[in-house]
Amino acid sequence: MDQVLHYRTARGGDAISYGGYSYRVDRRLARGDISWRCLQKGCPGRLQTDGNFSEPIIRGSEHTHAANEDYGLIRMTIARCRERATTENTPIPQIYQEEANRLSGSASASAMLPVFRSIDTSMYRARRTRYPRLPHTRAEIVVPESLRLTDAGENFMLLQLDDNDIMVFSAPSDFRDLCHASHVYMDVSKQPQPEKDFRLQWDNVFSEGFLGTQE
Ligand SMILES: [Zn+2]
């Protein structure tokens, strides 16, 4: 039996597909019911549902175009790609692939799904709403409290000097392990005094008292 598919538009509005046609909200009715209008421009097709997007009743005139079951499925798949990009940290290409796989039961629907390159921009745009604006200068960098901790709850922002001239990202337990190593190999890109730079960071870490004692 036909089922009402509900999803969100790019602007966050409600949309549904039913019986091969797709609809947006026409108006909200008394008692919470919703009147929907066909997405096709100029089409007089109307549908009515209750507030939970179920109990569909066909209203208005006949649609002026043919029904296409795949069309609603594709719209919902694209909407779900966008929504997952906003709510999950799953890599964008992986989300697309997973959602595309869900269509694999229908060859005709799979063929209609836009290629990744044509919807990735809107997915990345949705993803950006999860993150704060990028700072323009180093001094503007503010690392929120939630991003200073490892999964184990250990402080990962070991050192942050004024104006963020030096930032050390490491958990105290990492440094404790390092203290017990017989050899320390390092990659210092700034020349010409790598030992001095490293020493400076190392001493700062200890002098701030993060580790307690220096061995
Ligand atoms: Zn229509």
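Let's start where H2 meets H4. From H2, the residues in contact are Ile92, Pro93 and Tyr96. Facing them from H4 are Phe116, Asp120, Met123, Tyr124 and Arg127. By type, the residues of this contact are six nonpolar, two charged and no polar. Keep in mind that this is a predicted model.

Now the geometry. Two packed helices are described by the angle between their axes and the distance between the axes. H2 covers residues 92–102, and H4 covers residues 116–128. Their axes come within 10 Å. They cross at roughly 120 degrees. The crossing of H2 past H4 is right-handed.

Next, the nonpolar cores. Which residues make up the largest one? There are eight: Ala15, Ile16, Tyr18, Tyr21, Tyr23, Trp36, Cys38 and Leu47. Three strands each supply at least two of the core residues: S2 at 14–18, S3 at 21–28 and S4 at 34–38. Which strand gives the most? That's S2, with three residues.

Take one member of this core, Tyr21. Set aside its neighbours within four places in sequence, and Tyr21 contacts Cys38, Gly45, His63 and Ala67.

Tyr96 in H2 and Met123 in H4 are both part of the helix contact.

Key:
Residues numbered from 1 in each chain as written. Predicted model: local features only at pLDDT ≥ 70, side-chain atom pairs only at ≥ 80, totals over all residues. Axes fitted to C-alpha atoms, helices over the stretch in contact; angles between N-to-C directions. Helix = DSSP H or I, 4+ residues; strand = E, 2+ residues; numbered from the N terminus. Left-handed = near helix turned anticlockwise from the far one by under 90°. Contact = placed C-beta atoms within 7 Å. Nonpolar A, V, L, I, M, F, W, Y, C, P; charged D, E, K, R; others polar. Core = buried A, V, L, I, M, F, W, Y, C linked by C-beta atoms within 7 Å. Buried ≥ 20, exposed ≤ 12 C-beta atoms within 10 Å, placed from the backbone.
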